[in-house]
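Hi,

Here is the structure I said I'd pass on to you.

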Amino acid sequence: MDTLSNLALGFSVAVTPFTLFLAVVGCFLGTIIGALPGLGPANGVAILIPLAFTMGFDATEALALLTSVYYGAMYGGRISSILLNIPGDEPAVMTTLDGYPMARQGRAGDALVLSGVASFAGSFLATIGLAVMAPLLARVAYLFGPAEYFALYLLAFCTLGGLAGKNQAKSAIAALIGLSIAMIGIDPNNGTTARYTFGNLHLNDGINFLVAIVGLFAVAEVFFFIESHGKDSAVGVKLDKVTLPIREILNCKWVMLRASILGFFAGVLPGAGASLGSFMAYMSEKAIARDGDTFGTGNPKGVAAPEAGNNAAAGGALVPMLTLGVPGSGTTAVLLALLMTLNITPGPLLFADRPDVVWGLIATLFIANIVLLVMNVPMVRIFVYILSVPAYVLLPGVTMVSFVGVYSLSGSYFDLLMMVVFGIGGYILRKLEVPLVPVILGVLLGNQMENSLRKAMTLSDGDWTYLFSSPIAIVLWIAAIGGFVAPMFLRGLLRRPPLPGDGVADQD
Amino acid sequence: MIRSDRVFGLAIVLVALAMIAGALQFQEPFFASGPVGPKVFPILIAGLMVLCGGLMMARPDPEPDWPHAMSLLRIAVAVVVMVGYAYALKPFGFLLPTAIASGVIAVLIRPDALRATLTGAGLSVGLFLIFKYALGLTLVPWRWPF
């Protein structure tokens, strides 16, 4: 019953006219961000953080806005998957498999409504799961000392690297690049040693992770669009009529339930995230459905399963982020950056010290879900209209919002130059198929990872075996090594089925 | 045959070696801050980078499709415009640099001078109104440094 009284507290914090307004704005922006190809959820949340920060929102308000954007982007990704065969964001790739064939059969409206309801089921159940499971995990997290945290950070890098990339060496390099960037600046442990600053005073405080995130995601994306002449843009989409396919929604109710549960647990695994959730949900439904052979030709179950799965995973990914401070996906990494910008340290203490923030956030998620259901089912036509904004307007707009956001943080041209440098770096890394999310995670967690190592060594007086001395630490080390190595052998099983038609998929 | 992955791997190895060399030069304070000082973690990370960079050189992936010379030139123009924007935002105010920068990026994505001019002007004024009145940011609309 603790959970219910906590939730009541959460709603009392979250339900003010202004936060409700922010939630509605966030849901609207999020759906657009998710729907537009090339502007993924991590990207969208990243460019909005500096703005939310300069507008002087308090923690509850900033979180209401940006978690609504996060959930909204997960809903929005399906729209361009279904209508254009171009996934709006990476987790929506699986939705193209049956969504686009349904649209070609003239059932685009049905597919959009069904996937909207599936998204709602997935994220609603996952939010309940978050409310139940997060306090339990927070209690376990109390047992974590520096040695365990060090192993946990390692686990996050290993599972993220193992699952996200095709080439393990490249994923590892990505994480190491991020960790190296985090080391730049005055050593936070002794406050005197300047590391890799090259005598430049601008670098003494280190590199602001928001600058790195916006550069790596948003600015690099602009370069990709310039290279491709904006071919992936979505001009000329049409949607005829939207009705409520009640029979199909009822037919899919067990599909949605199973996919949500599977997706939630895929999301909880550190490093796995929403893409794995939608993938697992789709493949398992295909395996157990009696009409499994029609998956890929426009089966409604093939639309409901991945959407419920990816939205549930989005909720699940918040569990490790809030309780342990270890994000489960690129977008939750960006949300972690938001918390750190607001001076909130995620972890078990957050549940004890700032219940208003945690439960206010969870309450906001429930509210955002209902707002999103209303926006994405009866009002889906508006978003289809917005999808036809041409790339030559959208991308300059994104660039300018990024620049003004970062500029308003510090008012320094140096941060803007760093952002361009990160943009070039992000472009080159993506070309070489080096994943960017481990870089972000490294920049975010680098200092804490080093701190926990040094604290552990201080506690043990320099004895390195202390890192493996507790059962929790040993389990984490084994999981980390397994998570990094296992995908090498499972690669054949985890291969994605080919996309239908001749659409160009945004695979990163 | 030279592959991009080999070049990148080599660059990583060289940067990592420079990091180790740099870490050995770090000035530690007189009072010790624990058995593990500021040098150990950087050296650990750089050591792993040497290993992974070497692996990339030994087993490179197929070559990515790099942009043609013209696309590369367009990206270079975008970089120059962005750097110029970073320096121009303070002395010239918001409107003029934003109109020029977004117009140039628009023309790089779609080579159509009329649309790009309209995009630049529209985004500059539109974003200014949004930032100023909807978000309440303090932006200087224009300024002339000379």
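**What I found**

Let's start with a pocket: α2(A) gives the most to the lining of the second largest pocket, namely seven residues. Keep in mind as you read that this is a predicted model.

That second largest pocket has a volume of about 940 Å³. Its lining is made up of 30 residues, and the ones nearest the centre are Leu29(A), Leu48(A) and Val401(A), along with Leu127(B) and Ile130(B). As you can see from those names, both chains take part. Going by elements, at least two lining residues each come from α2 (17–35), α3 (41–54) and α19 (391–410) of chain A, and from α5 (113–134) of chain B. What classes of residue make up the lining of the second largest pocket? There are 28 nonpolar residues and two polar ones, with no charged residues.

Now to where the chains meet. On each side, 64 residues are involved: 64 of chain A are in contact with 64 of chain B. The area buried between chain A and chain B comes to about 5,500 Å², and 80% of that is from carbon and sulfur atoms. In chain A, the residues that lose the most area to chain B are Ile226(A), Tyr392(A) and Met400(A), which together account for 14% of what that side buries.

For polar contacts, the count between chain A and chain B is nine residue pairs. If you want to trace the side of chain A that touches chain B, look for α3, α8 (168–183), β2 (194–195), α9 (209–228), α19, α20 (413–431) and α21 (437–460), which each give two or more residues.

Last, the salt bridges. Side chains of opposite charge can pair when their charged atoms come close. Over all chains the structure holds 13 salt bridges, and two of them are found across the interface of chain A and chain B. In one, Lys170(A) meets the side chain of Asp5(B), at 2.8 Å from N to O. Lys170(A) also forms a salt bridge with Asp61(B), where the closest N and O atoms are 2.9 Å apart. Lys170(A) sits in helix α8 of chain A, while Asp61(B) is in the loop between α2 (40–58) and α3 (69–92) of chain B, so this pair joins two chains.

Cheers

Methods. Residues numbered from 1 in each chain as written. Chains lettered and ligands numbered in written order. Predicted model: local features only at pLDDT ≥ 70, side-chain atom pairs only at ≥ 80, totals over all residues. Heavy atoms only, no water. 1 Å grid on protein atoms, 1.4 Å probe; cavity = no way out; pocket = protein on both sides within 12 Å on 5 of 7 lines; lining within 4 Å. Points joined across faces, edges and corners; volume = space filled by probe spheres on them. Helix = DSSP H or I, 4+ residues; strand = E, 2+ residues; numbered from the N terminus. Nonpolar A, V, L, I, M, F, W, Y, C, P; charged D, E, K, R; others polar. Contact = heavy atoms within 4.5 Å. Buried area = accessible area lost by both parts, 1.4 Å probe. Salt bridge = Lys/Arg side-chain N within 4 Å of Asp/Glu carboxyl O. Polar contact = N/O pair within 3.5 Å; in protein donor to acceptor, adjacent residues only side chain to side chain.
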